[in-house]
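Subject: Structure handover

Hello,

Here is the structure I promised to pass on. My notes follow below it.

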Amino acid sequence: MGVVSNSDGTVQAELRRLGVCYAPDGTEPHPAGVPVGVVIDSAVVGVAKPDPAIFGLALDVLGVPASGTVLHVGDSLRYDVAGALAAGLQPVHLDPHGFCPAPDGHRHVRTLAELAQDLTALSGRRSPARR
């Protein structure tokens with residue numbers, strides 16, 4: 001799991017400071033938050049969503065090939081959904097109010113908890129031993 005953000009060079013530090021998530025770098029023994037494989041900030045890497053190259057950078061660090069089985073969750077139709085599709089990923093549009101003007105062709109969730117429930121149910125169907 002990773003974070004790809006169009007930001008100003010501060011996203012990694014802010015996510016760590018807020019205790020949301022962090023990409024382990026050895027500077028803190030046990031920071032608060034969820035460890036992730038990578039945090040990509042457009043201002044740091046010089047390319048921004050919807051350019052598929054920014055997604056490729058994250059996938060390279062994670063060692064994951066681009067495929068329709070890789071999910072990208074984002075709240076922007078223009079940057080997240082379009083960028084994920086251009087990169088060959090499966091977009092999940094975080095659309096809390098159901099306002100997406102182009103609802104066909106991509107998955108929608110209203111909350112991250114809803115996505116987690118969907119993924120848990122999906123993994124349970126794939127693995128009979130987990131039932």
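Val64 sits in the loop between helix 3 and strand 5. Helices here are DSSP runs of H or I with at least four residues, strands are E runs of at least two, and both are numbered from the N terminus. Val64 is partly exposed, because its relative accessible area is 33%. The bands are these: buried is under 20% relative accessible area, exposed is over 50%, and partly exposed lies in between (1.4 Å probe, protein chains only). Apart from neighbours within four places in sequence, Val64 contacts Leu59 and Val70. Contact means heavy atoms within 4.5 Å. From Val64 to Gly105, 41 residues along the chain, the C-alpha atoms are 23 Å apart.

A word on the basis. This is a predicted model, in which local features need pLDDT of at least 70 and side-chain atom pairs count only at pLDDT 80 or more, while totals for chains, interfaces and linings use all residues. Residues are numbered from 1 along each chain as its sequence is written, and side-chain values use heavy atoms, with hydrogens and water left out.

Cores

The largest nonpolar core holds 12 residues: Val4, Val38, Ile40, Val47, Ile54, Phe55, Ala58, Leu59, Val70, Ala84, Ala87 and Leu89. Strand 4 (38-41) and helix 3 (52-62) are the elements that give two or more residues to this core. Helix 3 gives the most, with four residues. A second, separate core has seven residues, including Val3, Val11, Val36 and Val39. A nonpolar core is a set of buried Ala, Val, Leu, Ile, Met, Phe, Trp, Tyr and Cys residues joined through side-chain atoms within 4.5 Å. In soluble globular proteins, nonpolar side chains tend to be buried together.

Val47 belongs to the 12-residue core. Beyond four places in sequence, Val47 touches Ser42, Ala53, Ile54 and Leu57. Ser42 lies in helix 2 (residues 42-45). Ser42 counts as buried because its relative accessible area is 10%. Its contacts, not counting residues up to four places away in sequence, are Ser5, Asn6, Ser7, Val47, Ala48 and Ile54.

Salt bridges

How many salt bridges are there? The count is three. The rule asks for a side-chain nitrogen of Lys or Arg within 4 Å of a carboxyl oxygen of Asp or Glu.

- Arg17 and Glu14: the closest N and O atoms are 2.9 Å apart. Both residues lie in helix 1 (residues 11-17), three residues apart, about one turn of the helix. Arg17 is exposed at 57% relative accessibility. Glu14 is partly exposed at 32%.
- Asp25 and Arg16: the closest N and O atoms are 3.4 Å apart. Asp25 is partly exposed at 45% relative accessibility. Arg16 is buried at 15%.
- Asp80 and Lys49: the N to O distance is 2.6 Å. This pair links distant parts of the chain, with Asp80 in helix 4 and Lys49 in the loop between helix 2 and helix 3, 31 residues apart. Asp80 is buried, with a relative accessible area of 4%. Lys49 is buried too, at 10%.

Around Lys49

The peptide bond from Lys49 to Pro50 is cis, with omega near 15°. Pro50 lies in the loop between helix 2 and helix 3. Ala82, in helix 4 (residues 77-86), contacts Pro50 and Leu77, leaving aside neighbours within four places in sequence. Ala82 counts as partly exposed because its relative accessibility is 36%.

The largest pocket has a volume of about 1,100 Å³. Of its 30 lining residues, Met1, Gly2, Val3, Val4 and Val73 are the closest to the centre. Strand 1 (2-5), helix 1, helix 3, strand 5 (71-74) and helix 5 (112-126) are the elements that give two or more residues to the lining. A pocket, on a 1 Å grid over the protein atoms alone, is an open set of points where a 1.4 Å probe fits, with protein on both sides within 12 Å along at least five of seven lines; lining residues have an atom within 4 Å of a point. Points are joined across faces, edges and corners, and the volume is the space filled by probe spheres set on them.

Best regards
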